Amino acid sequence: MTARFPQAPRPDPARHELVVALLEPAVSAGGLELEDLELRSVGRRLVLRVLVDSDRGVTLDEIAAASRAVSEALDGSDVLGDEPYTLEVTSPGVDRPLTAPRHWRRNVGRLVAVTLTGGSSITGRITSVSDAEVMLEVSTGVKGTSKVATSAVALVEISRAVVQVDFSRTAATPGEAADDSGDSDDWDDSDDTDDSDDSDDSDDSDDTDDTDDTDTDNTDTED
């Protein structure tokens, strides 16, 4: 599991690990991955945020199913004790950092801004990914007459990488950069909040960064 939520103080690191161990099987049973988990105290209540994802993206139905599975797992365990809690199950938004090879694979074809460990930065389109490096298609020269070059970047040299909103891209001939003059085509991601490529997906239920509202105030009332 890769940490994706902003790192807030955890009330009990040991209990956090117990919750992760409890919920990972419940989430994976639904074909999803437990990307991150945040457990913190807010007043007299615990807030449990669970981030799930998959290589194909996550639908609203899958979010709801994961929420039910997580709730059932918690109800059958005393890992949270008798404290009331609020449960929130959600999926990543397009602006979350890419921190593992699988995150890069889910975004092949997208434009990404990369900050390297040395402080320099590079923006390019992801063309392929391995466990050790990512290949980026990078524009060089002046827009409209620029060429493209492929650059290999080692994942260990990347300190931060975030997918960029890519409003348009027209087809480019081999060796030439795509023209981003504003034409709408299959690369138009202005309305796409999914972190996977949904250009062929007409189902509006596939929305990342959606939160299951059915269990957002799921309180354990067991006395």
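This is a predicted model: local features need pLDDT of at least 70, side-chain atom pairs count only at pLDDT 80 or more; totals for chains, interfaces and linings use all residues.
Residues are numbered from 1 along each chain as its sequence is written, and side-chain values use heavy atoms, with hydrogens and water left out.

The chain has three helices and eight strands, where helices (H or I, at least four residues) and strands (E, at least two) are DSSP runs numbered from the N terminus. Read from that end, the elements follow the order α-β-β-α-β-α-β-β-β-β-β. Of the 223 residues, 42% are buried, a word used here for under 20% relative accessible area, with exposed meaning over 50% and partly exposed in between (1.4 Å probe, protein chains only). The chain exposes about 11600 Å², and carbon and sulfur atoms supply 47% of that area, as computed by the Shrake-Rupley method with a 1.4 Å probe, where for residues only the protein chains shown count as cover. Among contacts (heavy atoms within 4.5 Å) with a separation of 6 or more, 60% are between residues 24 or more positions apart.

Strands β1, β2 and β3 form, in that order, an open sheet with mixed pairing, two strands being paired if DSSP finds at least two bridges between them. Its edge strands are β1 and β3 (85–90), each of which pairs on one side only, and the twist averages 15 degrees from one strand to the next, with axes taken as lines fitted to C-alpha atoms, for helices over the stretch in contact, and angles running from 0 to 180 degrees between N-to-C directions. Strand β1 (residues 33–42) runs antiparallel to β2 (residues 45–53), to which nine bridges join it, and within this pairing Leu 37 stands opposite Val 50 in β2. Two residues lie between the strands of this hairpin, where Gly 43 takes a positive phi near 65 degrees. On the other pairing, β2 and β3 are parallel over six bridges, with Val 47 having Thr 86 in β3 as its bridge partner. Helix α2 packs on the sheet, where it touches β2 and β3, and its direction makes about 145 degrees with that of β3. Helix α1 (residues 13–28) lies across β1 and β2 and runs at about 140 degrees to β1.

Val 70, which lies in helix α2 (residues 60–75), is buried, with a relative accessible area of 0%. Leaving aside residues up to four places away in sequence, Val 70 touches Leu 23, Val 27, Val 50 and Leu 87. Val 70 and Val 27 are 43 residues apart in sequence, yet their C-alpha atoms are 7.0 Å apart.

The structure also holds 13 salt bridges, each defined as a side-chain nitrogen of Lys or Arg within 4 Å of a carboxyl oxygen of Asp or Glu. In one of them, Glu 35 pairs with Arg 102, the closest N and O atoms being 3.0 Å apart; Glu 35 is in strand β1 and Arg 102 in helix α3 (residues 101–105), 67 residues apart. Glu 35 counts as buried, at 0% relative accessibility. Another salt bridge joins Arg 106 and Asp 53, with closest N and O atoms 2.8 Å apart, and both residues are buried. Salt bridges that share partners join Glu 33, Glu 35, Asp 53, Asp 55, Arg 96, Arg 102 and Arg 106 into one network.
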